[in-house]
Amino acid sequence: MENFSDKDMDRIIECVPNFSEGRNMQVIEAIVTAIENGGRKVSRNGVKVLNVDPGEAANRTVITFTGSPEAVVEAAFQAVKTAGELIDMRKQQGTHPRSGATDVLPLIPISGISLQECAELARSLAGRIYGELGIPCYCYEAAAFKTARKNLAVCRSGEYEALPQKISDPERRPDFGPDTYTEKVAFSGAVNVGARDFLIAVNFNLDTTSADIAHEIACDVREKGRPGKPGTLKGCKAIGWYIEEYGLAQVSMNITDINSTPLHSAYEEVCRAAEARGRKVTGTEIIGLVPKRCLIDAGRHFIEKQQSSFETSEEDIITTAVRSMGLDELREFVAEEKTI
């Protein structure tokens, strides 16, 4: 955070937009440039891009950046504008659910600002995106205008393909958007703009290629579970899928309440559910960034399970967490680059 002035440091937020493009690096680089240039338009310190995480099979890129509220909001707007110009949703394919070129755009309070203030910024940003760009927006989580839309899944129901029907339905129409399906909407889709606390986006790798088995495990553990039968992990959303890029199935999860469900608890519960179905978790993939304290808590948990009495440095604690959960199974896990 050393790049920000004392004045900017008084109020800091984070933005973690997800874009429906993870294969074309020129597009991704153009969006990152738009974010950096957008931040500099309103603040000499701009924004700090913390992480760019493209997923080839999911065809989705997560970009994390932080800065003063004014800089982050402008950077986010420019990112949506660029994505809406370069990503044609009529041709987009990928395994991850999505509503548009910019799928989700959450604002997250870091310091000196409340979640409710971020919600107001998100609503204003959504209005500007539609007003200036013609891209419809749903507002979710703390920014939701309707109680049901606090749940991202409700906003994204039917995904991009359902937008013609949703726009013509007054009950399902975007919070900011047209009442008819336009060429602009056909090209760019819709954006889900929200405000929320930290969450962890994580995929658990399975020793199977069956998306059906992964889906069943996801239903076992996610909070909403199945109809009439809730799952075992509070504050967790999950789906199962097969990733051709890796040649394996995964339980893909968002841990939205990291205080109720720590990362290591989610890992162990998915392991338990997988074993109950005759499968094993072989490793873990973090998407975007993870709070450093979550890895420290996990490392201490596994050290205690191993009944180790040795004095352990912070670096060794994190290394234990990485090894115990297989965070480096698919690629090298560099803690300095993946933690916040």
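The following dialogue explains how several descriptions of this predicted model are reached.

Modeller: This is a predicted model, in which local features need pLDDT of at least 70 and side-chain atom pairs count only at pLDDT 80 or more, while totals for chains, interfaces and linings use all residues. Residues are numbered from 1 along each chain as its sequence is written, and side-chain values use heavy atoms, with hydrogens and water left out.

Colleague: What makes up the secondary structure of the protein chain?

Modeller: The protein chain has 12 helices and 11 strands. Helices (H or I, at least four residues) and strands (E, at least two) are DSSP runs, numbered from the N terminus.

Colleague: How do you know that the radius of gyration agrees with that of a compact globule?

Modeller: The radius is taken over C-alpha atoms, and the globule rule is 2.2 Å times the number of residues to the power 0.38. For 340 residues the rule gives a value near 20 Å; the protein chain has 20 Å, and therefore the two agree. Along its principal axes, the C-alpha trace spans about 60 × 50 × 35 Å.

Colleague: Why are H9 and H10 called oblique to each other?

Modeller: Two packed helices are described by the angle between their axes and the distance between the axes. Axes are lines fitted to C-alpha atoms, for helices over the stretch in contact, and angles run from 0 to 180 degrees between N-to-C directions. Angles under 35 degrees count as roughly parallel, over 145 as roughly antiparallel, 65 to 115 as roughly perpendicular and the rest as oblique. Helix H9 (residues 263–276) and helix H10 (residues 292–305) pack at about 55 degrees, with axes 8 Å apart, so H9 and H10 are oblique.

Colleague: Which residues of H9 and H10 meet?

Modeller: Contact means heavy atoms within 4.5 Å. Leu263, His264, Tyr267 and Glu268 in H9 meet residues in H10, including Leu295, Ala298 and Phe302.

Colleague: Why are H10 and H11 called roughly perpendicular?

Modeller: The axes of H10 and helix H11 (residues 314–325) cross at roughly 80 degrees and come within 7 Å. The angle belongs to the perpendicular class, so H10 and H11 are described in that way. Among the residues that meet are Leu295, Ala298 and Phe302 in H10, and Ile317, Ile318 and Ala321 in H11.

Colleague: Why is Ala195 called buried?

Modeller: Buried means under 20% relative accessible area, exposed over 50%, and partly exposed in between (1.4 Å probe, protein chains only). Ala195 has 1% relative accessibility and therefore counts as buried. Ala195 is found in strand S7 (residues 191–195). Leaving aside neighbours within four places in sequence, the contacts of Ala195 include Leu107, Cys118, Tyr140 and Glu141.

Colleague: Is Cys155 buried or exposed, and how do you know?

Modeller: Cys155 has a relative accessible area of 1% and is therefore buried. Cys155 lies in helix H5, and its C-alpha atom is separated by 7.1 Å from that of Tyr140, 15 residues apart along the chain. In the protein chain as a whole, buried residues make up 54% of the 340 residues.

Colleague: Why does Glu159 count as partly exposed?

Modeller: Glu159 has 27% relative accessibility, so Glu159 counts as partly exposed. Glu159 is placed in the loop between helix H5 (152–155) and helix H6 (163–167).

Colleague: What makes phi of Glu159 worth noting?

Modeller: Most residues other than glycine have a negative phi. Phi of Glu159 is near 60 degrees, a positive value in a residue other than glycine. Glu141, in strand S6 (residues 137–141), also has a positive phi, near 50 degrees.
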